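I'm opening my notebook on a new structure today. I'll jot down what I look up, one topic at a time.

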Amino acid sequence: MTDARSKDETFEYAGATVVLVDAATVLAAARVNPVELMRRASWPAPVNRVDLTVSSANRKMTSVHTFSAAISTAEEPLSKERIRKLVLGNDPVGLLLAKRIEAGDPIATRIVDGVGAAAAAAYKKLGLDRQSQPVTNREPGTLADAVVGLQAEMTYDETGTVVRLHAEVPRDEVTPAHLQAFVGLTLQAVIELTGPDSLTGRRFVVSRETVSKVPQTTQTVTLDMVGGLADVVSELREIAVSFRHPEAMARWGARRPQGILMYGPPGTGKTMLSRALANEIGADFREIRTPEILDKWLGGSERNIKQIFRDARRYRVPTLMLFDEFDSIISYAGSGGDAASQAINAVAGIFKQEMNDLIEANPNVIVVATTNFPHRVDDSLIRSGRFDVKISVPKPDDASRAEIFRKMIRGLIATHEAPGFQMFADDLDLAALATASHGLTGADIKEILRRVQLAKAMQDARTGGRVDPITTEDLLASVRELLAPR
Ligand SMILES: Nc1ncnc2c1ncn2[C@@H]1O[C@H](COP(=O)(O)OP(=O)(O)OP(=O)(O)O)[C@@H](O)[C@H]1O
Ligand SMILES: [Mg+2]
């Protein structure tokens, strides 16, 4: 687990000392919730505030970390003028240079290694200066860090008092060096506004200490948080791509999946995957539970399911409808002639009918149904194309359980660890945990962690004192406890 943590790092930028506290954790936390940095720092005039945020977002094919900075300045004409200059790329360190870097110009790249005014001067000397652009052609400016290849786009708001920097790095590639580079670019942008040497001798601490913690219940679940199930995750990513590109589908006369059936044992992550898919698509999530449909009164269930689809046909925003634990309805209802079976048969009939043309009626909707009993599922749902994708979500194997442990623990570290509080020991033996938890699911692993967290919290509460971080042995004991026959 040592790779889940990194030590603080100190670097110099334009005469200022910058302490980057635990960048790896900042990046990990940003996957779950936006992390705000540098809010409390003080700045030279006219800059009065800088909000630096690291968060995550979904792009066409990948997830990215987004770095953004909002540099607020006092409202005065001078700063406005400066901002314009900076953003419109009149500044030689701006747009043109970025373009040359993009084109692979080694000189331009080297210039960016220097900073601010010095780079600008060097740029002029090389005759690479350019005429100022007409104000109508407002392309955003760019600042770039050649070392890690980070480019930040620069824009400003209408009032002319806030400069924004924005950069993105694919989640698989993001490293603390990118965060460091972005902090550097932000400071560079500040220098452009406040003048050379304005940061000399200052000290900035970049840490997530000041983060206002969002309660865990509002956390978004992402596909990256799923352990194991690599094939399932990549299939869901593909589906998300097809959903987000109706124009490509239309061009080729293709039809994206409209219904996904997920089946597998309890606790293997079906509901989690549905939520994560909604998030990947950027869709609202609407969960429909069986009790919401079934009604003991004659005709009540039919009315309910009809109403659910009537609503669905009107959704204006992308929406993922999850019929969770839907076995009782999409399965063969049995041939019983009693009123209850008849009602379920009727509901199943309406459901099938509605699924026939849902996507044509409303391309904003995608449906997921989950079940623990695939063999009971009515084949006509699959054959007819009402559900075009059938996904098995099995119990995790050893490697997958190790990954689930790792991801969950990382998530906990990112959410709960803070300077001075270490939640987990550094040398956790994930392989041992995976072996010991043979036969258990993701939900079980979550429970194992929950119990250990509770035990530690209780110990903390009782003693009011120091409690050791959670060790492999603590976790193994919890695994054994869960596996012990009652
Ligand atoms: N592969 C996994 N990776 C990470 N976490 C997992 C995984 N599987 C399960 N979990 C955790 O277990 C919790 C419960 O899983 P979930 O509710 O998605 O299971 P399920 O398959 O829907 O179960 P059921 O069939 O009982 O509805 C999830 O919220 C998640 O925290
Ligand atoms: Mg479920």
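Predicted model: local features only at pLDDT ≥ 70, side-chain atom pairs only at ≥ 80, totals over all residues.

Which domains give at least three residues each to the shell around ligand 1? I looked, and they are domain 2 (229-392) and domain 3 (398-483).

**Entry: around the ligand**

I went through the residues around ligand 1 and got 22 of them. The closest are P266, G269, K270, T271 and G442. Next I checked which elements give two or more residues to this shell, and I found α9 (270-281), α16 (398-416) and α18 (442-463). Then I sorted the shell by class: 10 residues are polar, eight are nonpolar and four are charged.

**Entry: the whole protein**

I stepped back for the overall tally. My list for the protein has 14 strands and 19 helices. Of its 486 residues, 38% are buried. I also looked at contacts between residues at least 6 apart in sequence, and 74% of these join residues at least 24 apart.

I picked out strand β1 (residues 9-13) and strand β2 (residues 16-20). They run antiparallel, and five bridges join them. One pair I traced is E9 with its bridge partner L20 in β2. The two strands make a hairpin, with two residues between them. In that turn I noticed A14, with a positive phi of about 45 degrees.

How many bridges join β2 to strand β9 (residues 203-206)? I get four, and this time the strands run parallel. Along this pairing, V18 stands opposite F204 in β9, and V19 has V205 as its bridge partner.

A reminder from class: strands of a sheet pair through backbone hydrogen bonds, and they can be parallel or antiparallel.

**Entry: the sheet they build**

Putting the three strands together, I get an open sheet in the order β1-β2-β9, with mixed pairing.

Terms used: Residues numbered from 1 in each chain as written. Chains lettered and ligands numbered in written order. Near = placed C-beta within 6 Å. Nonpolar A, V, L, I, M, F, W, Y, C, P; charged D, E, K, R; others polar. Domains from an automatic or database assignment. Pairing = 2+ DSSP bridges. Buried ≥ 20, exposed ≤ 12 C-beta atoms within 10 Å, placed from the backbone. Contact = placed C-beta atoms within 7 Å.
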